[in-house]
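Trainee: Could you walk me through one part of this model in some detail? I'd like to look closely at the nonpolar core and the charged pairs around it.

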Amino acid sequence: MKLDGIWEMDYTVNKSKVLYSHGTTLLDFSSDSLFFVQIGNTESGLIDTIIIEDNYYEVRDSTIRIIASNDTINLIFHSITLDSIAFSIDGSEEISVAKKLTPLKGVRVNQKDLVGKGFEVLNGEFYHKLDFVNDTILFDGGYHSFSNWSITTYKDFDFLNTTDWFFPKIPLIKRNDSIVALTNKGQDLATFKSLIAQRTKSEFIGKWLEYDREPKLPLISKLDTAQTLYITTDSIKMQRFGKIRNYVFELNNEGTVIHFANTPSPSKPFWNPRTPMEIIELTSDELTLLERHRGDSTIIKYKKAGNI
């Protein structure tokens, strides 16, 4: 039974139900040692950590006997091919499938290759617009969601690792100045295409008065329900219902979404005080934004009322 190499957990099957792996768990077979490697921890948010458990193993027909420090585990192998293995723990009905990682050919990727940049990631299986806001925060413009991110390295592999449960943990390389995501076989999965900025922050500077919204708000009081925005190069002051709120704002690299990932919160450093706002239209005197909240969408139109 030839197992030497690094295998990535792909999915498990239990009573016909398939559950794909959201984390990055590797099985590293080397000589008579088996290393269980956990890259990051999605639940705790500690994605840049690597936990390695070293075990001795013995091969007995279709069974591997793993001798750990405080236990012995038998892995029953159901199938073995050149690029995948299917196995279960002795006594369990759950079958796990892992795929072999092929050594990557290309230039290594590090955090500096991504920080402050935006990319469109597209293939037949998934589509994302990724903004690497800084060295810890990732904004997915396709889904208007935030997560933490890190480039985590194990041996010859550099993984893009995030806290987003719906984003695959994938190995990356750099080829001809492009970032390329790869399959477990080392084949191209998707290319990170750089996003071209459509707008800059300076175009938003000024005082903006709301004049229309859809759907319209009911007249619940005599308070003015219209919102006023005071926008500078790095902050938005929102005035409504007699209250004023200040936010640090960022544009995604494409210039199509306003988000608030960098607004500080002492108790929740990655908590975002407002949902992102999609920019529908921006001219010298008109601004139209789309806001989403709990599944509802509101289109708000503003007229420019002067400079700040």
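Predicted model: local features only at pLDDT ≥ 70, side-chain atom pairs only at ≥ 80, totals over all residues.

Mentor: The largest nonpolar core has 18 residues, and the members touching the most others are Leu229, Ile236, Ile258 and Leu287. Two or more residues each come from β19 (228–231), β20 (235–240), β24 (277–282), β25 (286–293) and β26 (296–306). Of these, β24 gives the largest share, three residues. Now zoom in on Ile258: setting aside neighbours within four places in sequence, its contacts include Ile236, Phe249, Leu251, Met277, Ile279 and Leu289. A second, separate core holds 17 residues, among them Phe119, Trp149, Leu160 and Ala190.

Glu250 makes a salt bridge with Lys201, with the closest N and O atoms 3.4 Å apart. Glu250 sits in strand β22 (residues 250–251) and Lys201 in the loop between β17 (188–194) and β18 (206–214), so the pair links distant parts of the chain, 49 residues apart. With 22% relative accessibility, Glu250 counts as partly exposed.

In total there are 12 salt bridges. Another one joins the side chains of Asp10 and Lys99 at 3.2 Å, N to O. Because Asp10 is in strand β1 (residues 5–14) and Lys99 in strand β9 (residues 95–100), this pair ties together parts 89 residues apart in sequence. Then there's Lys216 with Asp212, whose closest N and O atoms are 2.6 Å apart.

Definitions and conventions: Residues numbered from 1 in each chain as written. Heavy atoms only, no water. Core = buried A, V, L, I, M, F, W, Y, C linked by side-chain atoms within 4.5 Å. Buried < 20%, exposed > 50% of the residue type's maximum accessible area, 1.4 Å probe, protein only. Helix = DSSP H or I, 4+ residues; strand = E, 2+ residues; numbered from the N terminus. Contact = heavy atoms within 4.5 Å. Salt bridge = Lys/Arg side-chain N within 4 Å of Asp/Glu carboxyl O.
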